[in-house]
Amino acid sequence: RHTSVAEEVLQLALFNGQTSLENVLVLFESKLCGSDDYTFLLRELGNRGEHEKAIKCFQFAVRRERRKNEQGKLASAMISILGRLGKVELAMGIFETALREGYGNTVYAFSALISAYGRSGYYDEAIKVFDSMKNYGLKPNSVTYNAVIDACGKGGVEFKRVVEIFDEMLSGGVQPDRITFNSLLAVCSRGGLWEAAMNLFSEMVNRGIDRDIFTYNTLLDAVCKGGQMDLAFDIMEEMPANVLPNVVTYSTMIDGYAKAGRFNDALNLFNEMKFLGIGLDRVSYNTLLSIYAKLGRFEEALDICREMEGSGIRKDVVTYNALLGGYGKQGKYDEVRRLFDEMKAQRVSPNLLTYSTVIDVYSKGGLYEEAMDVFREFKRAGLKADVVLYSALIDALCKNGLVESAVSLLDEMTKEGIRPNVVTYNSIIDAFGRSTTSECLSDTGQISELQTKTSSLVIERGIEADATDGEDNRIIKIFGQLAAEKGGQAKKGCGVKQEILCILEVFQKMHELEIKPNVVTFSAILNACSRCDSFEDASMLLEELRLFDNQVYGVAHGLLMGYRENVWIQAQSLFDEVKSMDSSTASAFYNALTDMLWHFGQKRGAQLVVLEGKRRQVWENVWSNSCLDLHLMSSGAARAMVHAWLLNIRSIVFEGHELPKLLSILTGWGKHSKVVGDGALKRAVEALLTGMGAPFQLAKCNLGRFISNGPVVAAWLRESGTLKLLVLHDDRTHLENTRFQEISNLQTIPL
């Protein structure tokens, strides 16, 4: 509603300096049409980042305006503009002045300040301003509620608290609109609360509130973060004709598929984007590049880099982090070094994740001196170690058997005020279960003099080169210890029972800190069970852990004890949860559970679990009539699968059909293996086949492949004693339910 005079004043205000602005305003004062023209000037100056000129214009307008309500409109506009520019303190100053002079006591001024705080992440202050409105006799309106809900979303407030504000809004008779629901969906999106997001979306539909592209994109983000990719795809397919998917929609879906390990689905969507002519933005390019890097398809990743730069988007820190992580996982340390140097030469400043990634890559590759050099550079950059860096160091220590040092670093981390996460604890649990070795440096002279000198030199260099910060020197010493450990021998630890107690202690600490264990934790626990000396030790560990989580550990304990019929329905629920995980995590879970069962003689149970994994496509293309691919399986899972596959082809023989001329069992270590296998796997399968008298032998051209002639295998399968060899049984079976029902009644107790 502004006049053409206001546009003329705007051009003069932009052209002239701040000192001349007062003269321009005085010159046109009689022609400017009240608060509408002044509000236009404030908004346009703000849009151009000229906040100082906007404040000067506001002060001029308020002095000239005598009506309190018009002054209030100007104040609300000025607060809102400063909030958008991130000038929260200036916005607060305007608000306090307006309140003091009697024109700031309006719902709109309060709402504008709440929004300003929310935009800058000051959700506590936003809620305080919201609560203070009652003291001034003001009733919040939809704008106020939308602002405070949005502030809570940006500040990471718990969804429960946001729902309380929403309920207060409804009980006060204030009707929510599209902005309200979009803000609520954004809260769900940040926490991956996909079920709550779906309920909110249904509520929008029931209330007849229109959904826009932001609604759909935010809903998709929540559903993707919740790991429900099939549901997300259905939502995208059902978007109405007037709300077309845009680059954000596709980027969200592609990122969701990538995080779920469904890379082919992600790449298919990328091709669909190109077909529809939707241009990629920086986020899309970086997501796509990250996928190719994770897959080890570096030529295509570099093609994406070139295409990205050709479209005018330079590589940023996210791009480099994706490439560094991808090359690091493939063990291409020279490329990691080259890329790290290149990004600094291109004036792209490494961030905390960059340093954490490079240190983690070098540590896992055994390049401890290089990791130490990067840590020194990290210190010089003035950055402070976070949970990611600490977790990387703890993981490196654990993988080298230095569990006591890892626990010591964990204590130091918490003293520094850095909260460990589930990844940190998973490393330690896995280390306790991996072997019966504890601390690395032997005091019996088993490490060569050269290694000891190298270690001393490394530590001295680190301490001399760095400041006297105790935490930093401890990390430097750890790298020196790791460098000396290369080739050294570990000492025997304190025994399995002690390690079980350590695992329980770590688990209890997670419980106290309210850190929720995940499927990786479960897999690490199961691996620890598989390495127990006795069935009783493994049973005791799972029995104790049932006090923390009876559903998850109750299933494992029930299967181990032979109560399969009683727990199988509960197991199906657990398998459903695992289905939402990425393929490598799901595979690790099934491998760990099957290994434990096979190790303790529950071979029929192990076979049922592995067949469930096959049914749910945990391992792709694992089974055909002519070939069994065991590349990605553990030894227990592989042996259970061999029995199941041979029983299957036996049924083909007895149905009167011919077997293929050549039968193959792939284990890895072959010349043309698509995934590097485990030598132990090949040996385990070879021993199994030999023990059964199965007529398979190693292929001459591929040492990871067992082959046989179809008719020869068919003849063996027809022999009278073969079926007995193939059918698996459990060492322990319990048909009665009495004791199991007693166990099932155990309740989770507070510790």
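Select Leu663 and Ser708 first: Leu663 stands opposite Ser708 in E4. Strands (E, at least two residues) and helices (H or I, at least four) are DSSP runs, numbered from the N terminus. This is a predicted model, in which local features need pLDDT of at least 70 and side-chain atom pairs count only at pLDDT 80 or more, while totals for chains, interfaces and linings use all residues. Residues are numbered from 1 along each chain as its sequence is written, and side-chain values use heavy atoms, with hydrogens and water left out.

Next, select residues 662–666, strand E2. E2 pairs with E4 in the antiparallel sense over five bridges; two strands pair if DSSP finds at least two bridges between them. Ser664 has Ile707 in E4 as its bridge partner.

Now show the side chains of E4, residues 705–709. Which of them are buried (under 20% relative accessible area, 1.4 Å probe, protein chains only)?

E3 runs antiparallel to E4, joined to E4 by two bridges, and Leu698 stands opposite Phe706. The two strands form a hairpin with six residues between them.

Zoom out to the whole sheet. The sheet is open, with four strands in the order E1-E2-E4-E3 and mixed pairing. E1 (627–629) and E3 are the edge strands, since each pairs on one side only.

Move to Met540, in helix H30 (residues 535–545). Met540 counts as partly exposed because its relative accessibility is 32%; that class lies between buried and exposed, the latter being over 50%. Then pick Cys529, 11 residues away along the chain: its C-alpha atom is separated from that of Met540 by 9.5 Å.

Last, select Asp234, Glu237, Glu238 and Glu272, which gather in a patch of negative charge on the surface. Residues in such a patch have over 30% relative accessible area and no salt bridge, and like charges are joined within 9 Å. A salt bridge is a side-chain nitrogen of Lys or Arg within 4 Å of a carboxyl oxygen of Asp or Glu. Glu238 counts as exposed because its relative accessibility is 62%.

Methods
Patches are made of residues with over 30% relative accessible area and no salt bridge: like charges are joined within 9 Å, nonpolar side chains (Val, Leu, Ile, Met, Phe, Trp, Tyr) within 5 Å. Accessible areas come from the Shrake-Rupley method with a 1.4 Å probe; for residues, only the protein chains shown count as cover. Lys and Arg count as positive and Asp and Glu as negative; His and the chain ends are not counted. The place of a charge is taken as NZ of Lys, CZ of Arg, CG of Asp or CD of Glu.
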